[in-house]
Amino acid sequence: MKNYTKSASCCILEKNSSIKGEFKSECDFRVDGDFEGTIETNGKVVIGKNGRIQGTVVCSSADIEGSIKGTIHVEDLLSIRSTGEVKGDVVMSKLVVEAGAVFNAKSSMKVEGAVDSSIKKITNFNEAREKTA
C-alpha cells in the first residue's frame, strides 16, 4: 500500500527519453527511459522494463524491472523482478529477487536500528524549501 505521507506524487522519465544529471525530490520516480547520474528521493524508485539507470540511487524503496548499474542505497525493500538486472554496490534492509533476474552486485543488508555511516543520509527536503506567500 502506498504511503502518501512520504510521497504525494510520481515523476516519470518516459520511454525514448534520456537525462544526465541529478534528481532530488520527495516524490516517487519512475524511469522508463535512460538516466545517468544521481537520484535521491524519500519516495520509491521504479525502473520499468525499458528503463536504465547508470549512477547512484538513494531511496526509501525500489522496484526494478529494467537495469541499473552503480550504487543503490534503499532504506526498506529492494525488489528485483524477473526482467531486472542489477550490477554494482547495494545496501538495503530487505531484498526480493525473482527467478530470472540478474543480480551481480556487492550487497549488504542493514540491521534494523543500526546506523551505517557509509549510507548517505536522505535529505529532509521540508527544511530546505523556501517559504513563499
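Visitor: How much of the chain is buried?
Guide: Of its 133 residues, 38% count as buried, meaning under 20% relative accessible area with a 1.4 Å probe and protein chains only; over 50% is exposed, and partly exposed lies in between. This is a predicted model, in which local features need pLDDT of at least 70, side-chain atom pairs count only at pLDDT 80 or more, and totals for chains, interfaces and linings use all residues. Residues are numbered from 1 along each chain as its sequence is written, and side-chain values use heavy atoms, leaving out hydrogens and water.

Visitor: How many helices and strands are there?
Guide: The chain has one helix and 12 strands (DSSP runs numbered from the N terminus: helices are H or I with at least four residues, strands E with at least two). In sequence order the pattern is β-β-β-β-β-β-β-β-β-β-β-β-α.

Visitor: Now Asp 34: where is it found?
Guide: Asp 34 lies in strand E4, which covers residues 34–41. Asp 34 is partly exposed, at a relative accessible area of 27%.

Visitor: Which residues does Asp 34 touch, leaving out those up to four places away in sequence?
Guide: Asp 34 touches Leu 13, Ser 17, Ser 18, Ile 19 and Arg 52, a contact being heavy atoms within 4.5 Å.

Visitor: What joins the side chains of Asp 34 and Arg 52?
Guide: A polar contact of 2.8 Å joins them. The term denotes a pair of N or O atoms within 3.5 Å; within protein, one must be able to donate a hydrogen and the other to accept it, and residues adjacent in sequence count only if both atoms are side-chain atoms.
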